[in-house]
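Please keep the sequence and the structure in view while reading.

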Amino acid sequence: MLYTLCFLLFMIGLYCVLVKKNMVKIVIGLAVMEYAVNLFFIMAGYRTNGQAPIISPQDLAGKTEVTANFINTTVDPLPQALVLTSIVIGLGSLALMISLCVRIYEKYGTFDITEIRRLRG
Amino acid sequence: MSYRLPAFIFVPLVTAFVLPLFGKKGKSVAALLANVVTIALLALAISCLGQREVYEVGKWPIPLGINLVLDGLSCLVLVIINIVAASAMLYSTRYMEQYTAKSKYLSLFMLLVTSLNGAVLSGDIFNLFVFLEIASLTSYALVGFGCGDEELEASFKYMVLGEIASMIILFAIALVYANTGALNMAYVSKAIQTRSLNPSLTFALAFFIAGFGLKAALVPFHAWLPDAHSSAPAPVSAMLSGVFIKVLGVYALTRLIFNIFGISIPLGWILIALGVLSMVAGVFLAVGQWDFKRLLAYHSISQMGYVVIGIGMGTLILAQGGDILWASLAILGGLFHLINHAVFKSLLFLTSGSVEMSTGTRQLKQMGGLADKLPFTRATCTIASASIAGVPPFNGFWSKLILVVAAFQSRMFWLAAITVIVSLVTLISFLKVQKYIFLGELPDNLKDVKENKGTMLIAMLFLSGLCIAMGLLLLPAMKDVVLDPAVQVLTDGLGYSSKLIVAQ
C-alpha cells in the first residue's frame, strides 16, 4: 500500500513535468519525483518496530559478533546514507535548474515554455 | 596496491578545483595545466590497455565498500574518453578565447572528464549513479555556457529530460537494492543468478533501459540531443557526442544487461529495435538539416544505432544459443564502431567549430567555396566525412563491414540491407556538407576568412590521423590487446561476477 502511494507520488511528479507549461512548475515536478524516489529508498530499508542499527557495549556483552536477533530487528542503515547523497545531488541540480529559469526569464521575459521555442527542426 | 585507478578520478577532480584560482590573469597557465593533465591521463589510460585491476576505495573489502574495476571493456572506453578529452582540451585552448570566463569552462570540462572516467571504472551501481549525475550536471552547465537565449533554452530542455532519466535510473537502483540487498555489481549479479528475475527486477531492468536510453538518445528518447549538442561550444559538443552518450548510455546499458541482469531473447530484440529505429530516423532527420552542427547531432543518433544493433545482435545470438564466433563478431563490430564514432564525430564537431569561428555562421546556405580559404579544415573534414559514411580505407568502413558480415552470418539479411542503405544516406548528407561549405562560390562577406592555426589545428590533425590509422586495430596483434578483451567481457556475460569475487 505504502509502495503504491510512493509510486503514485512519482507519477504525480512525472505528470507535472510533462503537462505543466510554466518552467517553475516543471522544476517543482522534478523535485517531487526526486522526493518520491528518496522515500522509496528509505522504505526499502525500513522495518516496522525495528531498532536503530547501533551496537552499545551492553548489547555485545562479551560476545565478539552481533547476534542474529540484532540483525533481524534493526533497520537497514545503508539506504539512509544513499538518500543523503541523493538529496545533496538533488540540491545541486535544483539550484542549477532554478538559475537557468532565471536566466531564461531575463532573455525571453516569460516562464511559459510554449513561448520559448526558438530551436526547431 | 597501485593507485593508478583512483588517479583517473582524483587528478582531474583536484585540477577542476584548482583551475578557477588562476583567474583572468593566469588563464594561459590554467590552460597549460589542464592540457598537461588531460594528456597525462591519456598516457595513463593507454598504459592500462589489456590489464585487469580492482581497487577498493578506502580499503573497505568488496561487498561493503565501493570498488573500481578495470577490465577489457572499461579499459577500451577509458582510452577513448581520454583521447577525445585530450584533443578537445587542446582545441579549446584557442577556441574558447572567444568566450569570457575561460578558467570556469576549463574547470567544468575537468569535472566532466572526472565523472566520465569514474562512471566507466565504477563497480558499484549507486556510485555509477553519482558519477552519472556529476557528468549530467556539468554537461547541462556546459551546454548553456554561452548564455545566449538558444543555449539556455537547449540547456533547460536537456536538463528536464536528463533529470527525468536520472530519477528513473535512481528508482531502478532502489528496486535492485530492495530485491538483492547489494549495490556492488558483482554481488547484485550473483544474487540475481541465484534467485532469478522476479517481476520487480524486470521492472527495474525496464527502467534502466528507459533511463540509459534517454541518456544515450536512442530514438524514442532522442528529442533533446540535436538542440543540446548543436548549442554547446564545439569542443563540448565533441565531448558530448563523442563520449558522453556512449559512456552513460551504451556502456552503462551493456554493462547492466550483459554482466548483471543476464541476456535474454526479448532483450536482444529490444536492443535491435531501438538500434534500427535510431539508425533510420536519425539519418533521415539529418539529411534535411541546414545547420551544420544540428546535422552532425542527428548523425550521432543514427551512428549510435549502429553500435546498439551490433550489441543487440550479439545478445540475440548468445541468447538463442547460436555460434559464439558470430556473436563475438557482432559485438566486436558494435564496440569498434563505438570507438570509431567517438573519433570521427568529435573530429567533425571540431571542424564545424573551426568553420564557425572563421565564418561566424553555422548555416550551410550562407557558406561556400571555402576550400581554398580553409585548406586544413577542409582536409580534416573530408577525412571525417569519409569515415562516417564508410568509405573504404577509413575506420568507419571497417566497423560497418564487420556489422554487415555479422548480420549476414546471423541470417538477418534485412538488417544488413538497412545498415547499407543508412550508410548510403549518410554519404549523401555529407556530400551535401562538402558541397555547400567547401565548394561552389565564395560569398562576398567571406572573402577575408582565415584558417585557424595553432592548437586547434593540432587537435584536428591528431584526430584525422587516428581516423586513417584505426583500421589497423583489426590486425591480430592489435586486436588481441585492444578489442578482444572488451568483447570477451561481454561474451563472458554473468561470468563477470564470479571472476571479480574470486579475484578477492
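In chain A, among contacts with a separation of 6 or more, 64% come from residues 24 or more positions apart. In chain B, 82% of the contacts between residues at least 6 apart in sequence join residues at least 24 apart. The model discussed here is predicted.

Chain A holds 5 helices and 0 strands, and its pattern along the sequence reads α-α-α-α-α. Chain B contains 20 helices and 2 strands.

How does the radius of gyration of chain A stand against that of a compact globule of 121 residues? Such a globule would have a value near 14 Å, but chain A has 22 Å. The C-alpha trace of chain A spans about 70 × 30 × 25 Å along its principal axes. For chain B, the value of 22 Å agrees with the compact globule, because 504 residues packed in that way would give a radius of gyration near 23 Å. The C-alpha trace of chain B spans about 70 × 55 × 45 Å along its principal axes.

Burial and surface can be taken together. Of the 121 residues in chain A, 32% are buried, whereas buried residues make up 66% of the 504 residues in chain B. Chain A exposes about 7500 Å², with 64% of this area supplied by carbon and sulfur atoms. The accessible surface of chain B is about 16300 Å², and 69% of it belongs to carbon and sulfur atoms.

As to charge, chain A carries 10 positive and 7 negative side chains, and the centres of these two sets are 14 Å apart. In chain B there are 31 positive and 23 negative side chains, with the two centres 2 Å apart.

**A contact between the chains**

Ser93(A) is part of helix 5 of chain A, which runs over residues 78-108. Ser93(A) counts as buried because its relative accessibility is 2%, and the cut-off for buried is under 20%. Which residues does Ser93(A) contact, leaving aside its neighbours within four places in sequence? They are Leu137(B), Met159(B) and Glu163(B). With Glu163(B) there is a polar contact of 3.3 Å between the two side chains.

**Helix 7 of chain B**

Asn184(B) caps the N-terminal end of helix 7 of chain B, with a side-chain oxygen 3.0 Å from the backbone nitrogen of Ala186(B). The helix covers residues 185-195, and its buried residues are Met185(B), Ala186(B), Val188(B), Ser189(B), Ala191(B) and Ile192(B). An α-helix has 3.6 residues a turn, so residues three or four places apart point the same way. After helix 7 of chain B comes Ser196(B), which has a positive phi, near 60°.

Asn340(B) belongs to helix 13 of chain B (residues 324-359), and Asn395(B) to helix 15 (residues 395-409). Asn340(B) counts as buried because its relative accessibility is 0%. Asn395(B) is likewise buried, with a relative accessible area of 0%.

**An exposed glycine in chain B**

Is Gly440(B) buried or exposed? Gly440(B) counts as exposed because its relative accessibility is 64%. This glycine sits in the loop between helix 16 (413-438) and helix 17 (455-469) of chain B. Beyond its neighbours within four places in sequence, Gly440(B) contacts Gly369(B) and Lys435(B).

| Residue pair | Apart in sequence | C-alpha to C-alpha |
|---|---|---|
| Gly440(B) and Ile46(B) | 394 residues | 43 Å |
| Asn340(B) and Phe397(B) | 57 residues | 9.6 Å |

Conventions:
Residues numbered from 1 in each chain as written. Chains lettered and ligands numbered in written order. Predicted model: local features only at pLDDT ≥ 70, side-chain atom pairs only at ≥ 80, totals over all residues. Heavy atoms only, no water. Buried < 20%, exposed > 50% of the residue type's maximum accessible area, 1.4 Å probe, protein only. Helix = DSSP H or I, 4+ residues; strand = E, 2+ residues; numbered from the N terminus. Polar contact = N/O pair within 3.5 Å; in protein donor to acceptor, adjacent residues only side chain to side chain. Rg over C-alpha atoms; globule rule 2.2 N^0.38 Å. Contact = heavy atoms within 4.5 Å. Areas by Shrake-Rupley, 256 points an atom, 1.4 Å probe, with all protein chains shown as cover. Lys, Arg positive; Asp, Glu negative; His and termini not counted. Charge placed at Lys NZ, Arg CZ, Asp CG, Glu CD.
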